Amino acid sequence: MADQTRVLLDDIDEPGLHTIEVYERLGGYQALRKALTTMEPDEIVAELQASGLRGRGGAGFSMGQKASFMPKGTMDKYLCCNADESEPGTFKDRLLMQKNPHRLIEGIVIAAVAAGANRAFIYIRGEYVLQADILNAAVAEARARGYVGANILGSGHDVDLVVHRGAGAYICGEETALLDSLEGKRGNPRLKPPFPANQGLFRGPTLINNVETLSNVPIVIAKGAEWFKQRGTEKSTGTKVVSVSGNVQRPGNYEIELGIPAREIVYGLAGGPPPGRKVKCWFPGGSSAPVLLEEDLDRPYSFESMAEAGSMLGSGAIIVVDDSVPIVSLALRVARFYRHESCGKCVPCREGTNWTVKMLERIDRGEATPMDIEILDQVQQNIMGNCLCVLGDSMAMPVRSMIAKFKDEFIAHNERAREAADRLAVGAGLSSEPVDAAA
Ligand SMILES: Cc1cc2nc3c(=O)[nH]c(=O)nc-3n(C[C@H](O)[C@H](O)[C@H](O)COP(=O)(O)O)c2cc1C
């Protein structure tokens, strides 16, 4: 089995790691001490920027740069940790929060001090009841030790931290919908700009980062940006926890150095598809990433390489699809999810996801004309870049990629379904046009 590079998951098997005693025994909260006693907030931001750490929640934006956008001043500022983790195929944040909640809390407090925020929230998906309980217990422990709350470690910095449970809506993972939900409103995305760093929670400047991004912060501060950059590629530094699922023999979370060939993850770590099956396609970054083909597994698994291949690393969730899966079923499965989760606030997403499902169902039933497949592709083009947030694009991108890469299969699927329906109709005496007896 290929090797993992464990940095974030280094002590993950240590019994009791979720307790503050064990976390401290393994060096926990030393990075916070270092940041608060030896560094100015600007220096923390500069170190994060120098590390090249990019967001692990989807967009891959530089974490340090985002923190540097936070304005100076005495207004109320906030930090929100995005723990909504609803992208299909993604289950890495669950592991990080369940096993190592204190590293996340330490990262949040350091990042909040760097950004000048004195109130922080962890917005956790509603289904993660166990993880929310673990986090609440860990926050209470950290507060009792003086790592959370007023005048942390006598530094004069205050950071309050609240764990807030969502109610099971994928859209609330989108950063501005998350803010609305946290404010007690229906979780709908906001028009950007203004971006959250300028006007976010309760209209105050807000830094929003994913669980894995923030969990990396104590590592960058404790070991330094140079150490962090030694792993990964020039543009994708560090390691990444990759959730591998679908048609593989060993699904699970694996921590890898960014830039290793994707094949090492899919075959080496996850065991590849079941015996006798081949990889038909794979999503490199959750179900919203355009699918790639078997030969793309030789590409380095990094932000830049996945983008060059026409897809994205996204949340780092690799979903493998083998040759037993009809592409139309896969497209339908994806489209139905996004239709269900569309908040309906903007037309291209609300109507586009619905029409896509309807058209795919027509293909599935054999009721489409060849022109319909072109129209289906045009619908996707009309969604992309035209929505309030990228939920619509999250359906259009993978569906488009499936049409582009497996168009013949879409046509053949429709033909087969039409012929089967015709045979049924003739059998039932409903059709006056008998199909070719030899067919
Ligand atoms: C529909 C939608 C759902 C999203 N869901 C999540 C999510 O569950 N978790 C997450 O971290 N980011 C999610 N994002 C991305 C966030 O909007 C945001 O980019 C991210 O929290 C920023 O953190 P990062 O820079 O650390 O990656 C989602 C985006 C969209 C458009």
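## Domains of the model

Domain bounds here come from an automatic or database domain assignment, and for the protein chain this assignment gives domain 1 (20-229), domain 2 (239-322) and domain 3 (327-424). The structure is a predicted model, in which local features need pLDDT of at least 70 and side-chain atom pairs count only at pLDDT 80 or more, while totals for chains, interfaces and linings use all residues. Residues are numbered from 1 along each chain as its sequence is written.

The C-alpha centres of domain 2 and domain 3 lie 23 Å apart. Their contact (two residues are in contact if their C-beta atoms, placed from the backbone, lie within 7 Å) takes nine residues from domain 2 and nine residues from domain 3. The side of domain 2 that touches domain 3 has seven nonpolar, two polar and no charged residues, where Ala, Val, Leu, Ile, Met, Phe, Trp, Tyr, Cys and Pro count as nonpolar, Asp, Glu, Lys and Arg as charged, and the others, Gly among them, as polar.

## The two sheets

Helices (H or I, at least four residues) and strands (E, at least two) are DSSP runs, numbered from the N terminus, and two strands pair if DSSP finds at least two bridges between them. Strand 1 (residues 78-83) runs parallel to strand 4 and is joined to strand 4 by five bridges, and Cys80 stands opposite Ile208 in strand 4.

Another open sheet of four strands has the order 6-5-8-7, with mixed pairing. Its edge strands are strand 6 (252-257) and strand 7 (279-283), each of which pairs on one side only, and the twist averages 30° from one strand to the next. Strand 5 (residues 239-246) and strand 8 (residues 317-322) pair in the parallel sense over four bridges, and Ser243 has Ala317 in strand 8 as its bridge partner.

## Helix 16 and its neighbours

Helix 14 (residues 347-365) and helix 16 (residues 391-405) pack at an angle of about 30°, with their axes 9 Å apart. In this contact Pro348, Cys349, Gly352, Thr353 and Thr356 of helix 14 meet Leu391, Gly392, Met395, Ala396 and Val399 of helix 16, and the residues divide into six nonpolar, four polar and no charged.

Helix 15 (residues 370-383) packs against helix 16 at an angle of about 145°, again with the axes 9 Å apart. The residues of the contact of helix 15 with helix 16 divide into six nonpolar, two polar and three charged.

A residue is near a molecule or strand if its C-beta atom, placed from the backbone, lies within 6 Å of it. Of the 24 residues around the ligand, Gly55, Gly57, Gly173, Asn210 and Thr213 come nearest. Strand 4 (206-210) and helix 16 are the elements that give two or more residues to this shell, and the largest share, three residues, comes from strand 4.

By class, the shell around the ligand divides into eight nonpolar, 10 polar and six charged residues. Domain 1 and domain 3 both give residues to the shell, so the ligand lies between them.

Technical notes:
Axes fitted to C-alpha atoms, helices over the stretch in contact; angles between N-to-C directions.
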